[in-house]
Amino acid sequence: MSWNLNELGRSWGGEVMPDVGSIGRRWQDREPAIIPSHLFNNYRSNIYTKSLERGSEYLEAVRCLALMPSMVDVIEDRILRDRLCAWIGTYIDAINAELQACLEMCHACFHAPERRSIQILAAPLASRFGLDGSCNIESDPVTILIDVGRVAPSDWLKLVAHEYAHAHLGSPGHDRRFLAILEHLCLGLGMQPPSFSSEISVTEMAARLQNWPDCRSLPDPLAFWMGKQ
Ligand SMILES: [Zn+2]
(Lines give C-alpha, C1' and ligand atoms only; values in the text may rest on other atoms or scores of the structure.)
Protein backbone atom coordinates (compact mmCIF):
# COMPACT_ATOMS: atom_id res chain seq x y z
CA MET A 1 0.00 0.00 0.00
CA SER A 2 1.41 3.38 -0.89
CA TRP A 3 0.60 6.65 0.79
CA ASN A 4 -0.01 9.95 -0.88
CA LEU A 5 1.04 12.30 1.88
CA ASN A 6 -0.80 15.25 0.40
CA GLU A 7 -4.07 13.34 0.43
CA LEU A 8 -3.62 11.41 3.63
CA GLY A 9 -6.38 13.32 5.36
CA ARG A 10 -8.89 12.51 2.65
CA SER A 11 -8.02 8.92 1.88
CA TRP A 12 -6.16 6.00 3.25
CA GLY A 13 -5.19 4.92 -0.22
CA GLY A 14 -6.54 1.49 0.56
CA GLU A 15 -9.60 -0.53 1.41
CA VAL A 16 -11.91 0.47 4.23
CA MET A 17 -11.33 -1.73 7.22
CA PRO A 18 -14.39 -3.35 8.70
CA ASP A 19 -15.08 -3.25 12.40
CA VAL A 20 -13.70 -6.51 13.77
CA GLY A 21 -16.15 -6.65 16.63
CA SER A 22 -19.27 -6.04 14.57
CA ILE A 23 -18.24 -8.58 11.93
CA GLY A 24 -17.73 -11.16 14.61
CA ARG A 25 -21.12 -10.46 16.09
CA ARG A 26 -22.89 -10.59 12.72
CA TRP A 27 -21.33 -13.92 11.83
CA GLN A 28 -22.10 -15.39 15.18
CA ASP A 29 -25.66 -14.10 15.10
CA ARG A 30 -26.37 -15.59 11.68
CA GLU A 31 -24.72 -18.99 11.71
CA PRO A 32 -23.52 -19.78 15.19
CA ALA A 33 -23.55 -23.54 14.77
CA ILE A 34 -21.92 -24.12 11.38
CA ILE A 35 -18.86 -21.84 11.35
CA PRO A 36 -15.87 -23.83 12.55
CA SER A 37 -14.25 -21.88 15.34
CA HIS A 38 -10.73 -22.25 13.90
CA LEU A 39 -11.86 -20.59 10.63
CA PHE A 40 -13.55 -17.80 12.54
CA ASN A 41 -10.44 -17.27 14.64
CA ASN A 42 -8.27 -17.24 11.51
CA TYR A 43 -10.56 -14.64 9.99
CA ARG A 44 -10.34 -12.43 13.04
CA SER A 45 -6.59 -12.91 13.10
CA ASN A 46 -6.29 -11.80 9.47
CA ILE A 47 -8.39 -8.72 10.12
CA TYR A 48 -6.22 -7.87 13.12
CA THR A 49 -3.04 -8.27 11.06
CA LYS A 50 -4.37 -5.99 8.32
CA SER A 51 -5.40 -3.37 10.86
CA LEU A 52 -1.98 -3.54 12.46
CA GLU A 53 -0.23 -3.08 9.10
CA ARG A 54 -2.44 -0.16 8.12
CA GLY A 55 -1.97 1.50 11.50
CA SER A 56 1.82 1.12 11.26
CA GLU A 57 1.88 2.57 7.76
CA TYR A 58 -0.39 5.44 8.79
CA LEU A 59 1.87 6.40 11.68
CA GLU A 60 4.95 6.20 9.48
CA ALA A 61 3.31 8.47 6.90
CA VAL A 62 2.22 10.96 9.55
CA ARG A 63 5.73 11.06 11.00
CA CYS A 64 6.86 12.47 7.65
CA LEU A 65 4.37 15.34 8.00
CA ALA A 66 5.28 16.29 11.58
CA LEU A 67 7.59 19.19 12.43
CA MET A 68 9.97 16.44 13.59
CA PRO A 69 9.34 12.75 12.94
CA SER A 70 10.13 12.00 16.58
CA MET A 71 7.07 14.00 17.62
CA VAL A 72 4.81 11.15 16.55
CA ASP A 73 5.07 8.67 19.34
CA VAL A 74 5.93 5.08 18.64
CA ILE A 75 5.83 3.00 21.79
CA GLU A 76 8.92 0.91 22.36
CA ASP A 77 7.10 -2.04 23.90
CA ARG A 78 6.19 -4.23 20.93
CA ILE A 79 2.97 -5.64 22.33
CA LEU A 80 1.63 -2.20 23.25
CA ARG A 81 2.81 -0.76 19.94
CA ASP A 82 0.98 -3.46 18.00
CA ARG A 83 -2.16 -2.84 19.98
CA LEU A 84 -1.89 0.90 19.27
CA CYS A 85 -1.33 0.33 15.55
CA ALA A 86 -4.19 -2.17 15.28
CA TRP A 87 -6.55 0.30 16.93
CA ILE A 88 -5.40 3.08 14.63
CA GLY A 89 -5.75 0.82 11.60
CA THR A 90 -9.38 0.18 12.47
CA TYR A 91 -10.63 3.53 13.75
CA ILE A 92 -8.45 6.33 12.37
CA ASP A 93 -10.73 7.08 9.42
CA ALA A 94 -13.61 7.87 11.76
CA ILE A 95 -11.39 9.99 14.03
CA ASN A 96 -9.97 11.94 11.10
CA ALA A 97 -13.47 12.53 9.74
CA GLU A 98 -14.39 14.24 13.02
CA LEU A 99 -11.27 16.39 12.90
CA GLN A 100 -12.01 17.27 9.28
CA ALA A 101 -15.47 18.47 10.38
CA CYS A 102 -13.78 20.71 12.98
CA LEU A 103 -11.44 22.06 10.28
CA GLU A 104 -14.39 22.84 8.02
CA MET A 105 -16.06 24.78 10.85
CA CYS A 106 -12.90 26.89 11.20
CA HIS A 107 -12.73 27.40 7.42
CA ALA A 108 -16.32 28.61 7.51
CA CYS A 109 -15.20 31.58 9.65
CA PHE A 110 -13.31 32.98 6.66
CA HIS A 111 -14.22 33.89 3.10
CA ALA A 112 -13.11 31.23 0.63
CA PRO A 113 -10.24 33.30 -0.90
CA GLU A 114 -8.77 33.77 2.61
CA ARG A 115 -8.67 30.06 3.41
CA ARG A 116 -5.31 28.37 3.28
CA SER A 117 -4.82 24.82 2.12
CA ILE A 118 -4.75 22.84 5.35
CA GLN A 119 -4.92 19.14 6.15
CA ILE A 120 -5.63 17.74 9.59
CA LEU A 121 -4.73 14.35 11.01
CA ALA A 122 -4.91 12.61 14.35
CA ALA A 123 -1.71 11.19 15.80
CA PRO A 124 -0.31 10.28 19.21
CA LEU A 125 2.32 12.91 20.04
CA ALA A 126 5.34 12.03 22.15
CA SER A 127 4.71 13.14 25.73
CA ARG A 128 8.16 14.70 26.10
CA PHE A 129 7.08 17.51 23.76
CA GLY A 130 4.13 18.40 26.01
CA LEU A 131 1.90 19.20 23.02
CA ASP A 132 -1.77 18.46 22.42
CA GLY A 133 -1.48 19.55 18.81
CA SER A 134 1.03 20.92 16.35
CA CYS A 135 1.06 22.78 13.09
CA ASN A 136 3.66 22.26 10.39
CA ILE A 137 3.55 25.46 8.35
CA GLU A 138 6.40 24.23 6.16
CA SER A 139 4.39 21.41 4.62
CA ASP A 140 2.14 21.89 1.60
CA PRO A 141 -0.69 21.79 2.44
CA VAL A 142 -0.08 23.03 5.98
CA THR A 143 -0.46 20.04 8.32
CA ILE A 144 -2.23 20.14 11.66
CA LEU A 145 -1.66 17.13 13.90
CA ILE A 146 -4.00 16.61 16.83
CA ASP A 147 -3.39 14.16 19.67
CA VAL A 148 -7.01 13.23 20.26
CA GLY A 149 -5.96 11.17 23.27
CA ARG A 150 -4.87 14.24 25.21
CA VAL A 151 -8.07 16.27 25.40
CA ALA A 152 -11.72 15.41 25.88
CA PRO A 153 -13.56 14.90 22.56
CA SER A 154 -15.87 17.80 23.46
CA ASP A 155 -12.78 20.06 23.33
CA TRP A 156 -11.34 18.84 20.03
CA LEU A 157 -12.80 21.86 18.21
CA LYS A 158 -11.06 24.23 20.64
CA LEU A 159 -7.73 22.53 20.03
CA VAL A 160 -8.27 22.58 16.28
CA ALA A 161 -9.15 26.31 16.43
CA HIS A 162 -5.83 27.08 18.16
CA GLU A 163 -3.78 25.17 15.60
CA TYR A 164 -5.92 26.56 12.78
CA ALA A 165 -4.93 30.09 13.83
CA HIS A 166 -1.25 29.11 13.42
CA ALA A 167 -1.99 27.50 10.06
CA HIS A 168 -3.98 30.49 8.84
CA LEU A 169 -1.21 32.92 9.77
CA GLY A 170 1.62 30.64 8.71
CA SER A 171 3.33 31.48 11.97
CA PRO A 172 4.13 29.54 15.17
CA GLY A 173 4.03 32.66 17.38
CA HIS A 174 1.41 33.77 19.91
CA ASP A 175 1.59 37.48 19.17
CA ARG A 176 -1.08 40.12 18.51
CA ARG A 177 -1.70 38.82 14.98
CA PHE A 178 -2.38 35.37 16.47
CA LEU A 179 -4.68 36.99 19.05
CA ALA A 180 -6.68 38.70 16.30
CA ILE A 181 -7.20 35.48 14.34
CA LEU A 182 -8.03 33.50 17.47
CA GLU A 183 -10.57 36.14 18.54
CA HIS A 184 -12.16 35.95 15.10
CA LEU A 185 -12.35 32.14 15.30
CA CYS A 186 -13.73 32.17 18.85
CA LEU A 187 -16.50 34.57 17.88
CA GLY A 188 -17.35 32.52 14.79
CA LEU A 189 -17.35 29.22 16.66
CA GLY A 190 -19.21 30.47 19.74
CA MET A 191 -16.23 30.12 22.09
CA GLN A 192 -15.09 32.45 24.82
CA PRO A 193 -12.56 34.79 23.17
CA PRO A 194 -9.39 35.70 25.06
CA SER A 195 -9.48 39.02 26.87
CA PHE A 196 -6.45 40.83 28.23
CA SER A 197 -5.91 44.17 29.86
CA SER A 198 -4.14 46.71 27.71
CA GLU A 199 -1.31 46.65 30.28
CA ILE A 200 -0.39 43.02 29.66
CA SER A 201 3.15 42.40 28.48
CA VAL A 202 3.80 40.67 25.17
CA THR A 203 5.50 37.80 27.03
CA GLU A 204 2.59 37.23 29.40
CA MET A 205 0.05 37.47 26.60
CA ALA A 206 1.98 34.88 24.58
CA ALA A 207 2.13 32.55 27.59
CA ARG A 208 -1.63 32.76 28.10
CA LEU A 209 -2.45 32.45 24.40
CA GLN A 210 -0.33 29.33 24.22
CA ASN A 211 -3.03 27.56 26.24
CA TRP A 212 -6.11 29.24 24.78
CA PRO A 213 -8.84 28.06 24.44
CA ASP A 214 -8.66 26.07 27.64
CA CYS A 215 -9.08 22.34 26.95
CA ARG A 216 -9.83 19.60 29.44
CA SER A 217 -6.81 17.29 29.53
CA LEU A 218 -7.18 13.54 29.79
CA PRO A 219 -4.95 11.83 32.36
CA ASP A 220 -3.78 8.92 30.18
CA PRO A 221 -3.39 9.94 26.52
CA LEU A 222 -2.49 6.47 25.33
CA ALA A 223 -5.64 4.98 26.89
CA PHE A 224 -7.70 6.56 24.07
CA TRP A 225 -5.37 5.20 21.42
CA MET A 226 -5.60 1.73 22.94
CA GLY A 227 -9.39 1.75 22.87
CA LYS A 228 -9.72 1.93 26.65
CA GLN A 229 -11.90 5.07 26.61
ZN1 LIG B 1 0.07 27.73 19.74
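This is a predicted model: local features need pLDDT of at least 70, side-chain atom pairs count only at pLDDT 80 or more; totals for chains, interfaces and linings use all residues.
Trainee: In which sense do E1 and strand E3 pair?

Mentor: Residues are numbered from 1 along each chain as its sequence is written. Strands (E, at least two residues) and helices (H or I, at least four) are DSSP runs numbered from the N terminus, and two strands pair if DSSP finds at least two bridges between them. E1 and E3 (residues 142–146) have 5 bridges, and their sense is parallel.

Trainee: Which are the edge strands?

Mentor: The open sheet has 3 strands in the order E1-E3-E2, with mixed pairing. Pairing on one side only marks the edge strands, E1 (118–122) and E2 (133–136).

Trainee: Are H4 and H5 parallel or oblique to each other?

Mentor: Axes are lines fitted to C-alpha atoms, for helices over the stretch in contact, with angles from 0 to 180 degrees between N-to-C directions. The axes of H4 (residues 156–169) and H5 (residues 176–189) come within 9 Å and cross at roughly 135°. Angles under 35 degrees count as roughly parallel, over 145 as roughly antiparallel, 65 to 115 as roughly perpendicular and the rest as oblique. H4 and H5 are therefore oblique.

Trainee: Which strands does Helix H4 lie across?

Mentor: Contact here asks for C-beta atoms, placed from the backbone, within 7 Å. Helix H4 runs at about 155° to E3, and the strands it lies across are E1, E2 and E3.

How values were computed
Two residues are in contact if their C-beta atoms, placed from the backbone, lie within 7 Å.
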